[in-house]
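Hi everyone, thanks for coming along. Have a look at the model on the screen, and I'll walk you through it.

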Amino acid sequence: LEKLTKKQLDKNLFVVVDLLSVGGSSTEPENIQVSVSILNHDAAQKAFSTFAFAPCIKYAKAGISLLGRNPWKNHYAMSLELHNLVARAFFCSGSITGTTTYVNLILANAKSFGDKYAAYVILTNMLAVQGNVNQAITKGLYALKKKGIRFSRIQTRLSTHTAFSATKRLIQPGLDTGFAFLPIMKDTRIILSMGLLSVLTQCAREARPKLMPLLILKMVQLSISHGICVYT
């Protein structure tokens, strides 16, 4: 590894990680195991980015196993990232059992709601895909509320009008021609919220139509304030 440049390592990442796995890195000292775990994390991320979900799961789970008996205690940040990767990959590959297992592990071990937020987004998506739209809305609204995005419990014409007026006040001269000239959204937490709002909008169309315009208007507000993303 020391002889490889960063570019060479990135190009041959899967080969390197597979060779280290064959070599039995689990018997190495802890610092070496953690280094190999990080490589597995990088390999899992790279696999996920190319929609190779099965290899992503393999590398991420291997990375978790290399963090020792108490990964959440001794290597919290890496454990959180690896568990999130596995949960996302299981969801994208259509495994409800795998998704549920790793989402529950994150919710049980993450230290703060901020660290649980991505798992709640995955959970809401899973419930929506299963057709449990009311449960999805309940979980999603709870997660948004914890992040400071609140909606009135009862949706009326007045609440919709209020939200529309609040959105209109954000529109600056020239913005009425479109969002094309807004900056790109970079805050990953806001992007997660946008994705969650997008899923909830689809659920609300079926189960709570009066909530739907409020969700859409909130997405517009976030886009104006923080920039545009794929959900805008």
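**A walk through the helices**

Let's begin inside: asparagine 40 is buried, at a relative accessible area of 1%. Buried here stands for under 20% relative accessible area and exposed for over 50%, with partly exposed in between, using a 1.4 Å probe and protein chains only.

Before I go on, a word on where this comes from. This is a predicted model, so local features need pLDDT of at least 70 and side-chain atom pairs count only at pLDDT 80 or more, while totals for chains, interfaces and linings use all residues. Residues are numbered from 1 along each chain as its sequence is written, and side-chain values use heavy atoms, with hydrogens and water left out.

Now the overall picture. The chain holds 12 helices and 0 strands; helices are DSSP runs of H or I with at least four residues, strands are runs of E with at least two, and both are numbered from the N terminus. The C-alpha trace spans about 65 × 40 × 30 Å along its principal axes. Of the 232 residues in the chain, 42% are buried.

Back to asparagine 40, which sits in helix 3.

Helix 3 itself covers residues 30-49. Does its length come out above, below or in line with what 1.5 Å a residue should give? Its 20 residues should span 28 Å, and the end C-alpha atoms are 29 Å apart, which agrees. The expected span is 1.5 Å times one less than the number of residues. Buried residues of helix 3 include Gln33, Val36, Ser37, Asn40, Ala44 and Phe48. As a reminder, an α-helix has 3.6 residues a turn, so residues three or four places apart point the same way.

Phenylalanine 51 lies in the loop between helix 3 and helix 4, which covers 53-65. Its phi is near 65°, a positive value in a residue other than glycine. At 64% relative accessibility, phenylalanine 51 counts as exposed.

That brings us to the rings. Two rings of Phe, Tyr or Trp (its six-membered ring) pair if their centres lie within 6.5 Å; planes under 30 degrees apart count as stacked, over 60 as edge-to-face and the rest as tilted. By this rule the count comes to 9 aromatic pairs. One of them joins phenylalanine 48 and phenylalanine 53, edge-to-face, at 5.4 Å centre to centre and 65° between the planes. Phenylalanine 48 is buried at 15% relative accessible area, and phenylalanine 53 is buried at 16%. Phenylalanine 51 also pairs with phenylalanine 53: the centres are 6.3 Å apart and the planes at 80°, so this pair is edge-to-face. Elsewhere, ring pairs link Phe113, Tyr117, Tyr120 and Tyr142 into a cluster.

Some rings have a charge over the face, a label used if NZ of Lys or CZ of Arg is within 6 Å of the ring centre and within 35 degrees of the ring normal. Lysine 46 lies over phenylalanine 14, at 5.5 Å from the ring centre. Lysine 111 does likewise over tyrosine 76, at 4.5 Å from the ring centre.

Last stop, the pockets. On a 1 Å grid over the protein atoms alone, a pocket is an open set of points with protein on both sides within 12 Å along at least five of seven lines, and lining residues have an atom within 4 Å of a point. The largest pocket has a volume of about 730 Å³. Which of its 24 lining residues are closest to the centre? They are Arg88, Ala118, Val121, Ile122 and Leu192. Helices 3, 6, 8 and 11 each supply at least two lining residues, and helix 6 gives the most, with 7. By class, this lining has 13 nonpolar, 7 polar and 4 charged residues. Here Ala, Val, Leu, Ile, Met, Phe, Trp, Tyr, Cys and Pro count as nonpolar, Asp, Glu, Lys and Arg as charged, and the others, Gly among them, as polar.

The second largest pocket has a volume of about 240 Å³. Its lining includes Tyr142, Arg150, Phe151 and Arg208, and has 4 nonpolar, 2 polar and 4 charged residues.

Terms used. On a 1 Å grid over the protein atoms alone, a cavity is a set of points where a 1.4 Å probe fits but cannot get out, and a pocket is an open set with protein on both sides within 12 Å along at least five of seven lines; lining residues have an atom within 4 Å of a point. Grid points are joined across faces, edges and corners, and a volume is the space filled by probe spheres set on the points.
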